[in-house]
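Open the model in your viewer and keep the selection tool ready. The tour goes from stop to stop, saying what to select and what is there.

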Amino acid sequence: TIDPQTQVILVSGSDALLAGLEKIELDAIDLSMIPEDTELTLPIVMPEGITNETGIQEVKVTVKFSKLVTKTLVINDIKTVNVPDGLKVTSAAKRLEITVRGPQAAVDKLTAEQVTVQLDCANVQQGNVSLKATVTVSVESVGAVGVYNVTATVDEK
């Protein structure tokens, strides 16, 4: 939700620009990066040629995850993909704790086998590297929360 005091602002501009203006979109919010209910401040960015006459430059947005719960699962199968020819990648982590969020009924039934973790090794070079893990949940309406990185060693085969 947006703070009610800033849901409506006064703008000015040419008739042509104002005729096509029905709303002003704020920056996208990546809910997977927000672990719990929170309040954010987002800038109001006006379309070109439109002027914000109210002087309000930002809005407060409240994010609430009502009717959603979280669960932490231990994933023991971390896959490497796109490993360049002639190299081998060894993950330092043999298991990874992943937090997921979704409706209670779906999260309660979720098992670790329904979550996959992949490390994209397409651009790795020899040495110790930190790889971003891509987490996929095979249950509709349930998704991973947060960013997961895994340290790995890249050697010649």
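Rings of Phe, Tyr and Trp count as a pair if their centres lie within 6.5 Å, with the six-membered ring used for Trp. By that rule this structure, which is a predicted model, holds zero aromatic pairs.

**Stop 1: a ring and a charge.** Select Phe65 and Arg101. Arg101 lies over the face of Phe65, 3.6 Å from the ring centre. Glu36 is found in the loop between α1 (15-19) and β2. Is Glu36 buried or exposed? Glu36 is exposed, with a relative accessible area of 55%. Val69 is 33 residues from Glu36 along the chain, and their C-alpha atoms are separated by 9.5 Å.

**Stop 2: two paired strands.** Select residues 38-43, strand β2, together with β4; the two pair in the antiparallel sense over six bridges. One place to look is Leu42, whose bridge partner in β4 is Val59. Then show the side chains of β4, residues 58-63, which alternate.

**Stop 3: Asn52.** Select Asn52, in strand β3 (residues 51-52). Asn52 is buried, with a relative accessible area of 13%. What does its side chain meet? The side chain of Thr54 makes a polar contact with that of Asn52 at 2.7 Å, and the backbone oxygen of Ile56 lies 2.6 Å from a polar atom of the Asn52 side chain. Leaving aside neighbours within four places in sequence, Asn52 is also in contact with Ile9, Leu10, Val11, Ile44, Met46 and Gln57.

**Stop 4: the cores.** Select Leu96, Ile98, Leu110, Val117, Leu131 and Val142. Of the 28 residues in the largest nonpolar core, these touch the most other members. Elements that give two or more residues to this core include β5 (68-75), β8 (96-103), α2 (104-109) and β10 (127-137). Which element gives the most? β10 does, with five residues. Next, centre the view on Val142. Beyond its neighbours within four places in sequence, Val142 is in contact with Val100, Arg101, Gly102, Pro103, Ala106, Val107, Leu110 and Val137. Finally, select Ile34, Leu42, Ile44 and Met46, which are among the nine residues of a second, separate core.

Technical notes. Residues are numbered from 1 along each chain as its sequence is written. This is a predicted model: local features need pLDDT of at least 70, side-chain atom pairs count only at pLDDT 80 or more; totals for chains, interfaces and linings use all residues. Side-chain values use heavy atoms; hydrogens and water are left out. Buried means under 20% relative accessible area, exposed over 50%, partly exposed in between (1.4 Å probe, protein chains only). Helices (H or I, at least four residues) and strands (E, at least two) are DSSP runs, numbered from the N terminus. Two strands pair if DSSP finds at least two bridges between them. Rings of Phe, Tyr and Trp (its six-membered ring) pair if their centres lie within 6.5 Å; planes under 30 degrees apart count as stacked, over 60 as edge-to-face and the rest as tilted. A charge sits over a ring if NZ of Lys or CZ of Arg is within 6 Å of the ring centre and within 35 degrees of the ring normal. A nonpolar core is a set of buried Ala, Val, Leu, Ile, Met, Phe, Trp, Tyr and Cys residues joined through side-chain atoms within 4.5 Å. Contact means heavy atoms within 4.5 Å. A polar contact is a pair of N or O atoms within 3.5 Å; within protein, one must be able to donate a hydrogen and the other to accept it, and residues adjacent in sequence count only if both atoms are side-chain atoms.
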